[in-house]
Amino acid sequence: MPGLEDLYREIILDHYNRPRNKGELPPPAHRTDGMNPLCGDEIAVYLVVDGDGDDATVTDISIGGQGCSISQASASMMTSAVKGKSVGEARKTITAFKSMMGIREEHDHDDTHDEESTDHQHDHGVAAVKLGDLEALRGVVKFPVRIKCATLAWNTMGQGLDELASSDAP
Ligand code: ZN
């Protein structure tokens, strides 16, 4: 019986070999560049968002640039996960993915008060996000130097969504 790790490796290789939503999108698509100097990964995230605020829809997303298998596979999986979803859902998925990578973005809190209800509610909301194939990247946590490869596309997309939100502001 093939192990979960074999399945995960297959999913990652599949996204690396046949990347989804790859290539440039022409303006008015919004372009945001990101890089991970530790590995040499470079990425451009092209976003087309329809509407305002968290209810807006990510109508199109594409990935340019080049990088290692983890960064490319993660970017491909990200586009599959958020394309057609709302901006609010995309942001939740970013938080959930980074949480899986061991990165917590909550406001700083005292470690002795882990049972605070606000934290609990936050965790609950993140847990409600279905990561699907993205779970395949969970094993990256064991290789801290590769975590920045896996999160590069996500940080870049988050930055792009922020830029779009601020440019829409009246
Ligand atoms: Zn990399």
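Let's begin with one lysine. K98 is buried, at a relative accessible area of 8%. Buried here means under 20% relative accessible area, exposed means over 50%, and partly exposed is in between, using a 1.4 Å probe and protein chains only. K98 sits in helix 3, residues 87-100. Helices are DSSP runs of H or I with at least four residues, strands are runs of E with at least two, and both are numbered from the N terminus. What does K98 touch, leaving aside neighbours within four places in sequence? I103, E105, T151 and N155. Contact means heavy atoms within 4.5 Å.

A word on what you are looking at. This is a predicted model, where local features need pLDDT of at least 70, side-chain atom pairs count only at pLDDT 80 or more, and totals for chains, interfaces and linings use all residues. Residues are numbered from 1 along each chain as its sequence is written, and side-chain values use heavy atoms, with hydrogens and water left out.

Stay with helix 3. It has 14 residues. From first C-alpha to last it reaches 20 Å, close to the 20 Å expected at 1.5 Å a residue. The expected span is 1.5 Å times one less than the number of residues. Its buried residues are V87, G88, A90, T93, I94, A96, F97, K98 and M100. After helix 3 comes G102, with a positive phi near 85°.

Now pick out F97. Leaving aside neighbours within four places in sequence, F97 is in contact with S74, L131, L134, L137, A150, T151 and W154. How many aromatic pairs does a search of the whole structure find? It finds 1. The rings of F97 and W154 have centres 4.4 Å apart and planes at 10°, so the pair is stacked. F97 is in helix 3 and W154 in helix 5, so the pair ties together parts 57 residues apart in sequence. For the cut-offs: rings of Phe, Tyr and Trp (its six-membered ring) pair if their centres lie within 6.5 Å; planes under 30 degrees apart are stacked, over 60 edge-to-face, and the rest tilted. Both F97 and W154 are buried.

The largest nonpolar core has 39 residues. F97, L137 and M157 have the most contacts inside it. Helix 1 (4-17), strand 2, strand 3, helix 2 (69-82), helix 3 and helix 5 each supply at least two residues of this core. Helix 5 gives the most, with 9 residues. A nonpolar core is a set of buried Ala, Val, Leu, Ile, Met, Phe, Trp, Tyr and Cys residues joined through side-chain atoms within 4.5 Å.

Helix 2 next. It is mostly covered: 12 of its 14 residues are buried. Among them are I70, A73, M77 and V82. Just after helix 2, G84 takes a positive phi of about 85°.

On to the strands. Two strands pair if DSSP finds at least two bridges between them. Strand 1 (residues 30-36) runs antiparallel to strand 2 over 7 bridges. T32 stands opposite V45 in strand 2. The two strands form a hairpin with 4 residues between them, and G40 in the turn has a positive phi of about 90°. Strand 2 also pairs with strand 3 (residues 57-66), antiparallel, over 9 bridges. There V45 stands opposite I63. This hairpin has 6 residues between the strands, and G51 takes a positive phi near 115°.

Which residues does A153 touch, not counting those up to four places away in sequence? I43, V45, A75 and M78. A153 is in helix 5 and counts as buried, at 1% relative accessibility. The C-alpha atoms of A153 and D41 are separated by 9.8 Å, though they are 112 residues apart along the chain.

D41 in strand 2 (residues 41-50) and C149 in helix 5 (residues 144-168) link distant parts of the chain, 108 residues apart. D41 is buried, with a relative accessible area of 1%. C149 also counts as buried, at 1%.
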